[in-house]
Amino acid sequence: AMDEFAQFIKSTGKQHEACKEAAIVFAMSFSRNFKAANINILKCSLECVKTIIEACGAGPRMVSTITTSLLPKVLFSSVYPG
């Protein structure tokens, strides 16, 4: 379902630019703010957020929210690689 959602945003993102923040919040909630234990759910959610940002852009508030959610993952993976 998330892949179809990402494809929809990719093809019609410019027409629905007003919904970009809601779409990002939906994608983040799908993976519990990027804390999902299932790697497939996490990858799918990240891909969806990436697609939304590429198609519609993102404001400073959403970028801050995304960064804050991803930072613990990045720090953990740099401390414990593999």
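The points below are grouped by topic and refer to a predicted model. The protein has four helices and zero strands. Its radius of gyration is 13 Å, close to the 12 Å that the globule rule gives for 82 residues, so the protein is as compact as a globular protein of that length.

**Overall fold**

- From the N terminus on, the order of elements is α-α-α-α.
- Taken along the principal axes, the box filled by the C-alpha atoms is roughly 40 × 25 × 15 Å.
- Of the 82 residues in the protein, 29% are buried.
- The accessible surface comes to about 5,500 Å², and carbon and sulfur atoms account for 63% of that surface.
- When contacts between residues at least 6 apart in sequence are considered, 70% of them join residues at least 24 apart.

**Packing of H2 against H3**

- Two packed helices are described by the angle between their axes and the distance between the axes.
- For helix H2 (residues 20–30) and helix H3 (residues 39–56), the angle is about 170° and the axes are 8 Å apart.
- H2 is therefore roughly antiparallel to H3, since angles over 145 degrees count as such.
- On the H2 side, the contact is made by Lys20, Ala23, Ile24, Ala27, Met28 and Phe30.
- On the H3 side, the residues met are Ile41, Ser45, Cys48, Val49, Ile52, Ile53 and Cys56.
- Sorted by class, the contact of H2 with H3 has 11 nonpolar residues, one polar residue and one charged residue.

- Serine 31 sits in the loop between H2 and H3.
- Its relative accessibility is 0%, so serine 31 counts as buried; the cut-off for buried is under 20%.
- Setting aside neighbours within four places in sequence, serine 31 contacts Ala36, Ile41 and Ser45.
- Ile41 and Ser45 are also among the H3 residues that meet H2.

**Leucine 70 in H4**

- Leucine 70 belongs to helix H4, which covers residues 60–79.
- At 25% relative accessibility, leucine 70 counts as partly exposed, because that class runs from the 20% limit for buried to the 50% limit for exposed.
- Not counting residues up to four places away in sequence, leucine 70 touches Phe34 and Leu46.
- The C-alpha atoms of leucine 70 and asparagine 33 are separated by 8.0 Å, although the two residues are 37 residues apart along the chain.

Terms used. Residues numbered from 1 in each chain as written. Predicted model: local features only at pLDDT ≥ 70, side-chain atom pairs only at ≥ 80, totals over all residues. Heavy atoms only, no water. Axes fitted to C-alpha atoms, helices over the stretch in contact; angles between N-to-C directions. Helix = DSSP H or I, 4+ residues; strand = E, 2+ residues; numbered from the N terminus. Parallel < 35°, antiparallel > 145°, perpendicular 65-115°, else oblique. Contact = heavy atoms within 4.5 Å. Nonpolar A, V, L, I, M, F, W, Y, C, P; charged D, E, K, R; others polar. Buried < 20%, exposed > 50% of the residue type's maximum accessible area, 1.4 Å probe, protein only. Rg over C-alpha atoms; globule rule 2.2 N^0.38 Å. Areas by Shrake-Rupley, 256 points an atom, 1.4 Å probe, with all protein chains shown as cover.
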